[in-house]
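Subject: Handing over a structure

Hi,

Here is the structure I promised to pass on. Have a look at it first, and then read my notes below.

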Amino acid sequence: MLIFPENQPLQGMVRYNVAKEEMQIRIDEDGYRVLHPDVVVEFNNQPYKMMYYRGEDKTMDLIGYFEVLSPKQEDGVQLLRKHRKFVRRGRAAAAMQRAEPPKYVDKDDFYLKFGDAKPVMVETRTKKFIKLFPEEDQKEIKKFMKENDLKAKNRQDLLAVVHHYNKLS
């Protein structure tokens, strides 16, 4: 389903080209058109929204689609997932070994979006993850993660931390 900025829903055949960061809608049997970035797309009741974000190297702002995993809170945090696809280089044949062709590899990264700020990538190390939160809430987040044995690598654990943080604010 597509949801336009005026909140008008529309059903249609849509595909997400992860490599090109494009949502494409089927126009006819032969062609697809790229959707406008303001259009929210839902796949299996999971909304995808285009946002500016800080890249992995934290030096440039990028734009891309995020899967929204938790609802937006007024002063809270939102959990997002960024799907990526890249090509892993192949290996040439060596003595007594077969050649390996290049192949596409899928990778998902999680991001936190605080209020209207740009999403920031979730650090998988617990100490760095906790530092993403405001300083006054870091002790509470650390305590909550330790008591419930939560890790910053697991989607369900991240959702639990986000839910707990949103209850605090």
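Predicted model: local features only at pLDDT ≥ 70, side-chain atom pairs only at ≥ 80, totals over all residues.

What follows is a short tour of the charged residues.

Residues are numbered from 1 along each chain as its sequence is written, and side-chain values use heavy atoms, with hydrogens and water left out.

Let's start with salt bridges (a side-chain nitrogen of Lys or Arg within 4 Å of a carboxyl oxygen of Asp or Glu). Searching the whole structure turns up 8 of them.

One of these salt bridges pairs Lys 118 with Asp 61, at 2.4 Å from N to O. Lys 118 sits in the loop between strand S10 (103-114) and strand S11 (120-121), while Asp 61 is in strand S8 (residues 61-68), so the bridge ties together parts that are 57 residues apart in sequence. The strands, like the helices below, are DSSP runs numbered from the N terminus (helices are H or I with at least four residues, strands are E with at least two). Lys 118 is partly exposed at 39% relative accessibility, and Asp 61 is partly exposed too, at 35%. For those words, buried means under 20% relative accessible area, exposed means over 50%, and partly exposed is in between (1.4 Å probe, protein chains only).

Next comes Arg 81, which forms a salt bridge with Glu 67; their closest N and O atoms are 3.0 Å apart. Arg 81 lies in strand S9 (residues 77-88) and Glu 67 in strand S8, so this pair links parts 14 residues apart in sequence. Both Arg 81 and Glu 67 are buried.

Lys 151 and Asp 149 also meet through their side chains in a salt bridge, at 3.6 Å from N to O. Here Lys 151 is partly exposed, at 44%, and Asp 149 is exposed, at 55%. Going back to Glu 67 and Arg 81, salt bridges with shared partners join them and Asp 108 into one network.

Finally, there is a positive surface patch made of Arg 125, Lys 127, Lys 128, Lys 131, Lys 142 and Lys 146. Patch residues have over 30% relative accessible area and no salt bridge, with like charges joined within 9 Å and nonpolar side chains (Val, Leu, Ile, Met, Phe, Trp, Tyr) within 5 Å. Helix H1 (126-130) and helix H2 (138-147) each supply at least two of the patch residues. Lys 146 is in helix H2 and is exposed, with a relative accessible area of 71%.

Cheers

Terms used. Areas by Shrake-Rupley, 256 points an atom, 1.4 Å probe, with all protein chains shown as cover. Lys, Arg positive; Asp, Glu negative; His and termini not counted. Charge placed at Lys NZ, Arg CZ, Asp CG, Glu CD.
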